[in-house]
Amino acid sequence: MTLLLGEPGTGGSSTPSMVGAVKKWQKSDPQRSRDIWTKLSNANSALEKQLNLLRKLAAEHADTYQCVINSCSIRKTEEWMEQATEPRQVEIVKTLLESRGSMLEIRNHMRLMGEAAGIPIEPVSQTQLLDATMNTEGVLLAGVPGAGGFDAVFAVTLGDASSTNLTKAWSSHIFLAMLVREDPRGVNLESNDPRAREITSAFSAGVR
């Protein structure tokens, strides 16, 4: 899987003012805000669970997992399950589809939060772009990062071909795919990097 980030050539949103608007709404309508917040939290937890399951399936059934990913990476979502002919393949595709469902729930609750707070957490223009993104072959999910707004969008694709196609599609919407990639190793402390030693020393000195 590949994480893509895209940004518009111009414009953006003020994160502090958007956060302030959400906090103001939470105080003025605690019951509804708590309800939306709880549903958003549950959807986030569900997505985390599904992604962890995909990681487990990839580790325990590497060949089958890669076969499914390769097949889905060149097809639209509605065709994914048609390619699954074995129980393990069905399980993998089902988990992929469930993760998409969780992402759609997350987006829905973020839109509701934005509407209630009077701010564009997922603006209409972003909604249209994200819907088109998620309908592109090989795209697992898409959304707005951080506090939302007009700053950026992200997508997770299943292969290099789908990433290339998505980059071109974003360009037609005047959105630029950023030249950054996720690091599959996660956060690492590189002991051979002298800058890391300086940071570690400074941190140690600060907590004494």
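Modeller: Hello! A helix here is a DSSP run of H or I with at least four residues, a strand is a run of E with at least two, and both are numbered from the N terminus. The structure is a predicted model, in which local features need pLDDT of at least 70, side-chain atom pairs count only at pLDDT 80 or more, and totals for chains, interfaces and linings use all residues. Residues are numbered from 1 along each chain as its sequence is written, and side-chain values use heavy atoms, with hydrogens and water left out.

Biologist: Thanks! How many residues apart are Arg 88 and Glu 91 in helix H4?

Modeller: These two residues form a salt bridge (a side-chain nitrogen of Lys or Arg within 4 Å of a carboxyl oxygen of Asp or Glu), with the closest N and O atoms 2.7 Å apart. An α-helix has 3.6 residues a turn, so residues three or four places apart point the same way. In H4, which covers residues 87-117, Arg 88 and Glu 91 are separated by about one turn, that is, 3 residues.

Biologist: Is Arg 107 buried or exposed?

Modeller: Arg 107 forms a salt bridge with Asp 131, at 3.0 Å from N to O. This pair links distant parts of the chain, with Arg 107 in helix H4 and Asp 131 in helix H5, 24 residues apart. Asp 131 is partly exposed at 34% relative accessibility. Arg 107 has a relative accessibility of 3%, so it counts as buried.

Biologist: Which residues are linked with Arg 107 in a network of salt bridges?

Modeller: The count for the model comes to 6 salt bridges. Some of its charged residues are joined in a network, where Arg 107 is linked with Arg 111, Glu 122 and Asp 131.

Biologist: At what angle do helices H1 and H2 pack?

Modeller: Two packed helices are described by the angle between their axes and the distance between the axes. The axes are lines fitted to C-alpha atoms, for helices over the stretch in contact, and angles run from 0 to 180 degrees between N-to-C directions. The axes of H1 (residues 15-28) and H2 are 5 Å apart, and their angle is about 120°.

Biologist: Now helix H6: within what arc do its buried residues fall?

Modeller: The buried residues of H6 are Ser 162, Ser 163, Leu 166 and Trp 170. Directions are taken from the helix axis to the C-beta atoms. Seen down the axis, the buried residues line one face of the helix, because they fall within an arc of 100°.

Biologist: Which exposed residues does the face of H6 turned away from its buried side carry?

Modeller: On the buried side, residues of H6 pack against elements including strand E1 (2-8) and helix H5 (124-134). The face turned away carries Asp 160, Lys 168 and Ser 172.

Terms used: Buried means under 20% relative accessible area, exposed over 50%, partly exposed in between (1.4 Å probe, protein chains only). Contact means heavy atoms within 4.5 Å.
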